[in-house]
Protein chains: 2
Amino acid sequence: MLVTTKGRYALRLMIYIASFPDRKVALREVAESECMSLKYLEQLAHELVSCGLLSSARGHGGGYYLARPADEILAGDVLRAAEGSTSPVACAALEEGGEGCPREDICSTIAFWAGLDKAIEDYVDGVTLADLT
Amino acid sequence: MLVTTKGRYALRLMIYIASFPDRKVALREVAESECMSLKYLEQLAHELVSCGLLSSARGHGGGYYLARPADEILAGDVLRAAEGSTSPVACAALEEGGEGCPREDICSTIAFWAGLDKAIEDYVDGVTLADLT
DNA sequence: AAACAACCTAGTAAATTTCTAGGTTTTGTA
DNA sequence: TACAAAACCTAGAAATTTACTAGGTTGTTT
């Protein structure tokens, strides 16, 4: 499965936050409303902050808010932040700048996987968070 | 990852067999040539037979061969046979004839996942085994 | 009869994912 | 200034899935 629970949670979290553009959103609220583990959400939200998708305010009354306007955040950005990659296969030759798979020259499937990768990227990068909210 | 080792092995196995259209191919040969576990290949090949993609001949001199011409076997057929599905998420609402996810009516991401699913299906069903051989 | 190859069933080891646990630091508010 | 609420941080456990192994049986050709 290309997208795990983590990726789906990340997208739901981002959509939830995006639906309240005028205030900060505390994870406690998201956890209750979306039936997700608060502790898991905390880890996830932190990763999304690291990737520059969310900003946060600590302390009482704090919470998370979008780091950019919803129409400038791609679904692909969220999935890559959560999943690390949206690539359908773990094949070194598909990674940019990588050293490449030792079978690369004899592997007839590289181009096929690269094409699949592109089809997926094109789709997830064609939808913004604003489209989903 | 949408496609696991199993799916990649399945495709490589099918391509290998397709590259010898005039004879049966024993798995021992594939295992040695492609550096794959014979026992794992046996299980995999059996599944591909069950799904109607391969035919087999037992006994000395036996082996596997394509059940249909290579240009009538889609990459998607192979991946679905090996992976069970190529759907990027395990979301009941995406399965045909399923009962649907309990969050379906309030889940804003269903359509997004369905679209991703379609993008993937369109790609993998647009490539035949003959294209890869 | 012997060799070879598909077929079959179980189980195990490794990896990954999901989630829990128990904190600390920071900030607003009474 | 105490307190409550919230983000931040680290470690690890539980559950699941994946990849692979093990040891056979059955069928076919030579």
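Colleague: Two residues are in contact if their C-beta atoms, placed from the backbone, lie within 7 Å; on that basis, which residues does Lys24(B) touch, not counting residues up to four places away in sequence?

Modeller: Lys24(B) touches Ala57(B), Gly62(B), Gly63(B), Tyr64(B) and Tyr65(B). Please note that this is a predicted model, in which local features need pLDDT of at least 70 and side-chain atom pairs count only at pLDDT 80 or more, while totals for chains, interfaces and linings use all residues. Residues are numbered from 1 along each chain as its sequence is written, and chains are lettered from A and ligands numbered from 1 in the order in which they are written.

Colleague: Where does Lys24(B) lie?

Modeller: It is in the loop between helix 1 and helix 2 of chain B. Helices (H or I, at least four residues) and strands (E, at least two) are DSSP runs, numbered from the N terminus. The C-alpha atom of Lys24(B) is 18 Å from that of Lys39(B), 15 residues apart along the chain.

Colleague: Why does Lys24(B) count as partly exposed?

Modeller: Lys24(B) is classed that way because it has 15 C-beta neighbours inside 10 Å. A residue is buried if 20 or more other C-beta atoms lie within 10 Å of its own, exposed if 12 or fewer, and partly exposed in between, with C-beta atoms placed from the backbone.

Colleague: Turning to the DNA, which residues are closest to DNA strand C?

Modeller: The closest are Thr4(A), Thr5(A), Ser37(A), Lys39(A) and Gly59(A), out of 24 residues that surround DNA strand C. Near means that the C-beta atom, placed from the backbone, lies within 6 Å of the molecule or strand. Helix 3 of chain B gives the most to this surface, with four residues.

Colleague: How does that surface near DNA strand C divide by class?

Modeller: The surface near DNA strand C has six nonpolar, twelve polar and six charged residues. Ala, Val, Leu, Ile, Met, Phe, Trp, Tyr, Cys and Pro count as nonpolar, Asp, Glu, Lys and Arg as charged, and the others, Gly among them, as polar.

Colleague: And which residues come nearest to DNA strand D?

Modeller: Thr4(B), Thr5(B), Ser37(B), Lys39(B) and Gly59(B) come nearest, of 26 residues around DNA strand D. Here helix 3 of chain A gives the most, with five residues, and the classes are six nonpolar, 14 polar and six charged.

Colleague: What rotation superposes chain B on chain A?

Modeller: A rotation of 180° with 0.0 Å of shift along its axis does so, at an RMSD of 0.0 Å. The two copies are thus related as by a two-fold rotation axis. The superposition is by least squares on the C-alpha atoms of residues with pLDDT of at least 70 in both.

Colleague: How many residues of chain B are in contact with chain A?

Modeller: There are 22, in contact with 22 residues of chain A. Helix 5 of chain B gives the most to that side of chain B, with seven residues. By class, that side has 17 nonpolar, three polar and two charged residues.

Colleague: Which residues have the most contacts inside the largest nonpolar core?

Modeller: They are Ala10(A), Met14(A), Val78(A), Ala10(B), Met14(B) and Val78(B), in a core of 64 residues. A nonpolar core is a set of buried Ala, Val, Leu, Ile, Met, Phe, Trp, Tyr and Cys residues joined through C-beta atoms within 7 Å. Not counting residues up to four places away in sequence, Ala10(B) touches Leu44(B), Leu48(B), Val78(B), Ala81(B) and Ala82(B).

Colleague: What pLDDT does chain A average?

Modeller: Chain A averages 88, and 86% of the residues score at least 70; pLDDT is the predictor's confidence in each residue, from 0 to 100.
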